[in-house]
Amino acid sequence: MENIKAIRGFDDIFFEEAKKFRYITDTFRKLFEVYNFEEIILPIVEYKELFDRSVGEITDIVQKEMFVFEDKSKRVLALRPEGTAGVVRSVVEHGLLYKKPFLKLFYEGPMFRYERPQSGRKRQFHQIGCEVLGLDNPTTDFEIINLCFDAFKKLNIDITLEINSIGCPVCRPKYREALTNYLKDIEGLCKDCEERRFKNPLRVLDCKVETCKDLTKEAPMMLDYLCEECSNHYKSLKTYLDSFGIPYKENPCLVRGLDYYTKTVFEFVKDNLTLLAGGRYDNLVESLGGPKTPAVGFAAGIERIMLFLKSQYKEDLYAVVYIENTVLEALKVVNILREKGKRVELISKGSNLKKKLEIADKLGASYTLIIGPEELQKGVYILKNMSTKEQKEIRDLGSLVNV
Ligand code: HAM
């Protein structure tokens, strides 16, 4: 019988990678704390209709990438492809907007999209993100971009911030018309863009196919069509970014693949891969049945950030090796070192000292503490530096704090 394997695009995350994963979520969580966000924990399965009505029926996510199924009661459900729709659904359902002057919520968890799996693109992936509901001032857009900037600084990842404004229902229809007019006579677009140019023309602008990029170089740009309100909002955001030295690149082709956005959109990009993305969506709450509420948020792709994160093992590993009948002393030493906050492994495997030292080495121990009957009688331990192979006798475990 063949062994059962994980489903394609659904990865197991372990060892060093799991450590990186937690380091990333801890970094964002600490920032959410100081920026005064509260956590919201949401279901993974929602009615499919929620995503039709928020992400948008003619987006790739809804048309091609959702995991949709019928449950035993014939309800049409979907594994959530993203978190924003669920947050807004929950906020409206529980009337949360009436309980506070505004809401600042963060979430974390698995998302699902049926994409072609490759490095940084999975069918189950994890996001950590946040949504601010009830604030329309560009200071909010600035603050959440600032939070992302802080996060990448703490993660020590050098990254490019791209921004754009995609307007609002006042100015976008005029722009959409101008763009559709421009695109209607263009020949040589890719198969997807042939369809998009009438159904979702803005998406043609961020097509990754080179010929499409070339063909849209001269296309009208949204920034030239912004109404006064959107234009002022965008200008203020740029002023704040400039004032606080946050470098950014204006990308007039940045339009995002979800339909709910208005005004500000942004992405943090590294080596052509978007690690984090977000924007403002001032009409989504209302369109899902809530009161008219401006909103802005982002989501970071944890697996994508992991690709650029350096190793997370900062603490030296201490191996404790014992020979003959010194196991109780070894267990005591292990306890004492752990109490001091050291990362410690008791080596109980291996039939002799040589084998035990080999195991300690394979585990990546920086130091090994050897406990034997002779040493015990003398009241000492042997401390071996595993990289220099130097050995010395120590009397007091307290001195290990400074090795
Ligand atoms: P999104 O751009 O669809 O936006 O996804 C956000 C991030 O999730 C991406 O930048 C990427 O890092 C990661 N991601 C997306 N798809 C995959 C995949 N197949 N494999 C690995 N990582 C992936 C949203 O989801 C919006 N809800 C963000 C938002 C929140 N906007 C406002 N609030």
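**Rings and helices in a predicted model**

Colleague: Which ring does the charged end of Lys356 sit over?

Modeller: Happy to start there, bearing in mind that this is a predicted model. The charged end of Lys356 lies 4.3 Å from the ring centre in question.

Colleague: How do the rings of Phe28 and Phe32 pair: stacked, edge-to-face or tilted?

Modeller: The model has 17 aromatic pairs. In the pair formed by Phe28 and Phe32, the ring centres are 6.3 Å apart and the planes meet at 35°. Stacked needs under 30 degrees and edge-to-face over 60, so the pair of Phe28 and Phe32 is tilted.

Colleague: Are Phe28 and Phe32 buried or exposed?

Modeller: Both sit in helix H1 (residues 16-34), four residues apart, so about one helical turn separates them. Phe28 has a relative accessible area of 0%, and Phe32 is likewise at 0%. Since under 20% is the cut-off, Phe28 is buried and Phe32 is buried.

Colleague: How is helix H5 oriented to helix H9: parallel or oblique?

Modeller: The axes of H5 (residues 138-154) and H9 (residues 228-243) come within 9 Å and cross at roughly 40°. Contacting residues include Phe142 of H5 and Tyr240 of H9. The crossing is right-handed. Roughly parallel would need under 35 degrees, so H5 is to H9 oblique.

How values were computed: Residues numbered from 1 in each chain as written. Predicted model: local features only at pLDDT ≥ 70, side-chain atom pairs only at ≥ 80, totals over all residues. Heavy atoms only, no water. Phe/Tyr/Trp six-rings, centres within 6.5 Å; stacked < 30°, edge-to-face > 60°. Helix = DSSP H or I, 4+ residues; strand = E, 2+ residues; numbered from the N terminus. Buried < 20%, exposed > 50% of the residue type's maximum accessible area, 1.4 Å probe, protein only. Lys NZ or Arg CZ within 6 Å of the ring centre and 35° of its normal. Axes fitted to C-alpha atoms, helices over the stretch in contact; angles between N-to-C directions. Parallel < 35°, antiparallel > 145°, perpendicular 65-115°, else oblique. Left-handed = near helix turned anticlockwise from the far one by under 90°. Contact = heavy atoms within 4.5 Å.
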